Amino acid sequence: MTEALRKLETVTADPETVEGYVRRIAERARAIRNHVGQIDGVGIVTPGATDFENNRMVTLGQVPNVKKWIEEDIQQVWRLVPVVTKALDLPQTGGVVRNDMDGVLTGVAAILARVKPDFLARTKGNFRFDWMGTGHGHQFAVQGQPFPGPTEGGHLFVDFGEPGAKIFDTEARTRIPNLVAIARENGFPAEGDELKPIGDAAANPQHPHHPAAIKAFEEFARYYAQNLALGYLITQATG
């Protein structure tokens with residue numbers, strides 16, 4: 001069955017319209033249903049924040065930047081749940097939207113139950129999982145389930161308690177493009193958002209742009225540590 005699912009074709013247009021994107025996801029879901037048989041419900045996870053009450057995504061993380069979508073396009077993605085559930089012959093209530101880290105954490109908890117049952121027993125299923133992708137995100141598990149919230153822990157909006165202080169989005173400082181931008185500001189001739197050239201320069205003291213690469217990683221590490229610290233403080237405060 002797994003091999004059959006791997007062979008399902010998924011054609012991604014570039015650039016891809018929102019209508020094409022929604023249709024492609026729905027067709028993929030229908031193809032999977034045809035292989036596995038009846039599907040009782042579907043979970044749709046996306047980067048960004050979700051609106052629980054209306055069961056739709058509010059933002060889409062980096063997806064709009066990658067696909068060059070505008071606000072009107074994002075609003076059209078709200079159709080994803082009704083279109084996908086219809087493709088699966090389910091009522092709209094059969095589809096649930098959550099942040100992508102909720103999906104990752106659900107999978108991690110299922111794997112832990114098989115390979116580290118002692119960890120789940122010791123923590124009672126209460127733990128934090130960190131993920132490094134285009135940015136640093138994390139999510140909390142409570143009794144083995146994702147902590148219910150509109151977005152992942154990586155997007156911590158903080159004003160540090162100072163009146164009039166600028167709101168600070170911690171994940172915005174721990175994205176790969178941010179690291180590349182820091183390196184570029186320090187004189188590294190970065191093209192695009194590719195990380196490998198900066199990593200190679202940081203690993204080679206003889207590289208002419210070694211100092212700029214080191215500076216970028218040092219600042220990135222500082223913000224990453226800040227994310228960890230803020231998450232720890234929130235965990236302590238909320239129990």
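## A pair within helix 9

Asp200 and Lys196 sit four residues apart in helix 9 (residues 196-203), so about one helical turn separates them. In this predicted model, their side chains form a salt bridge, with an N to O distance of 2.9 Å.

Asp200 has 41% relative accessibility and therefore counts as partly exposed. Lys196, at 54%, counts as exposed, because the cut-off for that class is over 50%.

## A pair linking separate parts

A search of the whole structure gives two salt bridges.

Asp89 is exposed, with 62% relative accessibility. Arg33 has 17% relative accessibility and so counts as buried, since the limit for burial is under 20%.

## The chain as a whole

The chain contains ten helices and nine strands. It has 239 residues, of which 36% count as buried. The accessible surface of the chain is about 14,400 Å², and carbon and sulfur atoms account for 55% of that area.

Of the contacts between residues at least 6 apart in sequence, 52% connect residues at least 24 apart.

Key. Residues numbered from 1 in each chain as written. Predicted model: local features only at pLDDT ≥ 70, side-chain atom pairs only at ≥ 80, totals over all residues. Heavy atoms only, no water. Helix = DSSP H or I, 4+ residues; strand = E, 2+ residues; numbered from the N terminus. Buried < 20%, exposed > 50% of the residue type's maximum accessible area, 1.4 Å probe, protein only. Contact = heavy atoms within 4.5 Å. Areas by Shrake-Rupley, 256 points an atom, 1.4 Å probe, with all protein chains shown as cover. Salt bridge = Lys/Arg side-chain N within 4 Å of Asp/Glu carboxyl O.
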